[in-house]
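Visitor: I am new to this structure. Please show me how to read its features.

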Amino acid sequence: MIIFENEDLIAINKPSGLLSIPDREGKEISLKRQLQEKYGDIFTVHRLDKDTSGLIIFARNADAHKFLSQQFEGRSTVKIYTGLVLGVPDPPSGQMDGKIAPHPVKPPLMVINRKGKDALTDYEVQENFSMYSLVQFRIHTGRTHQIRVHCKELGHPIVCDTLYGDGKPIFLSSFKSKFKLSRDAEEERPLMGRLALHASRLTITLPSGEEKLFIAELPKDFRATLQQLEKRMKK
């Protein structure tokens, strides 16, 4: 999972389903705890949702933590995500700026609310698969569930989003004609059975002063899903 490491930071390609940092109950394993067991002191710079895969960095000392955290707080980082959404956004590119606040009675849901915190997301459709679209997002702010909430508001939630969409997996049988199960399979396994959102690129300035671009390749399930969609559904 390690993409880069030096004396100041570690960049990780986090798998979906793994907590970034320990939750309040502390029962589930987290990426931060795993890193602490290997490296000792580890400092949280930013977070990814449990079900979001992709790029996340942790600082390895207090000075680096302060330096990196100030970049995220000052919005000088460039954060790019890749996602599959339901349907095809129209227009195919634009900006979503609905303010985001916690749902008043249904945590952990977040909602668009004019009294919420500023949130700004750029989006651009990369490929049109008719039933789905591959979309690139750039987030200028770091609100909880930001892309997921904005996509719901746009009318095109992230695939397999159980909080803001229908939560339904992508099955090959849903778009492959004459689909047949293999003889030894009792039921069809989904191509994509988890939140289809991946933190793919991050540009920051290192404590040394060097500007650094980190790239996290798409996970195997994401790549396999795109391969099938490109073969059968691409417009």
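Visitor: Which residues does Ile 57 touch, not counting residues up to four places away in sequence?

Guide: This is a predicted model, where local features need pLDDT of at least 70, side-chain atom pairs count only at pLDDT 80 or more, and totals for chains, interfaces and linings use all residues. Residues are numbered from 1 along each chain as its sequence is written, and side-chain values use heavy atoms, with hydrogens and water left out. Contact means heavy atoms within 4.5 Å. Beyond four places in sequence, Ile 57 touches Ile 10, Ala 11, Val 45, His 46, Leu 68, Phe 72, Leu 202, Ile 204 and Phe 214.

Visitor: Which residues touch the most other members of the largest nonpolar core?

Guide: In soluble globular proteins, nonpolar side chains tend to be buried together. A nonpolar core is a set of buried Ala, Val, Leu, Ile, Met, Phe, Trp, Tyr and Cys residues joined through side-chain atoms within 4.5 Å; buried means under 20% relative accessible area (1.4 Å probe, protein chains only). Here the largest core has 57 residues, and those touching the most other members are Ile 57, Leu 84, Phe 137, Ile 158, Ile 204 and Phe 214. A second, separate core of 6 residues includes Leu 109 and Tyr 164.

Visitor: How many aromatic pairs does a search of the whole structure find?

Guide: A pair of aromatic rings is described by the distance of the centres and the angle of the planes. Rings of Phe, Tyr and Trp (its six-membered ring) pair if their centres lie within 6.5 Å; planes under 30 degrees apart count as stacked, over 60 as edge-to-face and the rest as tilted. The search finds 1 pair. The ring centres of Phe 4 and Phe 214 are 5.4 Å apart and the planes are at 50°, so the pair is tilted. Phe 4 and Phe 214 are both buried.

Notes: Buried means under 20% relative accessible area, exposed over 50%, partly exposed in between (1.4 Å probe, protein chains only).
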